Amino acid sequence: REREKDRELHSSPSPPPPPPDFALSPNQHAKMNLFRLLGDMSHVLAIILLLAKIWRSKSAAGISGKSQILFALVYITRYLDVFVVHISLYNTLMKLLFVSTSCTTVYLIYQKFKATLDSNHDTFRLVFVLAPCAVLALAFNYSFTFLEVMWAFSIYLESVAILPQLFMVSKTGDAENITSHYLFALGSYRALYLCNWIYRYYVEGHTDPIAIVAGIVQTVLYCDFFYLYVTKVLHGKKLLQLP
């Protein structure tokens with residue numbers, strides 16, 4: 001996991017030859033720090049909240065299945081090296097956790113609780129994010145190899161994977177509190193990783209342009225939601241009203 005969440009949790013087995021200052025070899029793995037740990041835990045919390053919400057309510061109502069498809073694609077393409085490159089037990093377990101839970105979520109939404117899928121509001125066209133991310137991955141990567149291009153694709157895609165969910169919430173005009181908590185935890189994970197990159201820059205002298213730019217884009221997408229979450233949900237409102 002050396003560039004972003006694995007150029008930290010997302011390392012690739014083929015380092016760019018020879019790497020510039022910002023493109024460290026995957027063997028130069030990032031050390032754990034508080035921001036990275038809190039970011040990971042926030043991400044895990046978001047997953048737990050989402051799965052608990054679906055399982056307890058026996059319903060996928062209010063959840064964008066399209067966003068979950070995108071997240072599953074993010075983790076699958078990012079962790080293609082899971083059985084090839086070993087960084088640490090923590091790293092491997094987190095990779096397996098993200099891939100397995102994202103696929104489980106898609107299964108629950110589209111198979112087990114298919115009858116509750118809100119397809120009338122989950123209408124975001126995935127090609128609008130998949131095509132640009134594919135082009136960016138081919139044009140801007142650290143090494144033009146299959147795993148590196150897939151890693152870059154996953155980073156770009158993760159930055160916009162939440163758009164179908166936000167689009168769906170904007171169409172319905174509200175979100176259940178548990179869905180709001182899920183979105184807040186997911187956004188907090190990205191914000192904490194921005195802090196992690198700042199910390200790494202000053203402490204380790206490491207920067208990762210692809211992950212940082214994508215992370216900033218992802219955090220910006222959550223800004224309005226963060227404001228509404230703090231001013232409404234945390235003040236006891238049952239629903240998060242969105243414009």
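Is Phe124 buried or exposed? The views below come from a predicted model, and the first one gives the answer.

**View 1. Phe124 and Phe167 form an aromatic pair.** Phe124 is buried, with a relative accessible area of 14%. That value counts as buried because the cut-off is under 20%.

**View 2. Tyr189 and Tyr193 pair within helix 7.** Their ring centres are 5.6 Å apart. The planes stand at 70°, so this pair is edge-to-face. The two residues are four apart in the helix, which means about one helical turn separates them. Both Tyr189 and Tyr193 are buried.

**View 3. Ring pairs join four residues into a cluster.** The members are Phe71, Tyr75, Tyr79 and Phe98. The structure holds ten aromatic pairs.

**View 4. Lys58 places its charged end over a ring.** The ring belongs to Trp55. The charged end sits 3.9 Å from the ring centre.

**View 5. Six residues make a nonpolar surface patch.** They are Phe35, Ile198, Tyr199, Tyr201, Tyr202 and Val203. The patch covers about 640 Å². Helix 7 (residues 177-204) gives the most to it, with five residues. Val203 is found in this helix. Val203 is exposed, with a relative accessible area of 52%.

Methods
Residues numbered from 1 in each chain as written. Predicted model: local features only at pLDDT ≥ 70, side-chain atom pairs only at ≥ 80, totals over all residues. Heavy atoms only, no water. Patch = residues over 30% accessible without salt bridge, like charges linked within 9 Å, V, L, I, M, F, W, Y side chains within 5 Å. Areas by Shrake-Rupley, 256 points an atom, 1.4 Å probe, with all protein chains shown as cover. Salt bridge = Lys/Arg side-chain N within 4 Å of Asp/Glu carboxyl O. Buried < 20%, exposed > 50% of the residue type's maximum accessible area, 1.4 Å probe, protein only. Phe/Tyr/Trp six-rings, centres within 6.5 Å; stacked < 30°, edge-to-face > 60°. Lys NZ or Arg CZ within 6 Å of the ring centre and 35° of its normal.
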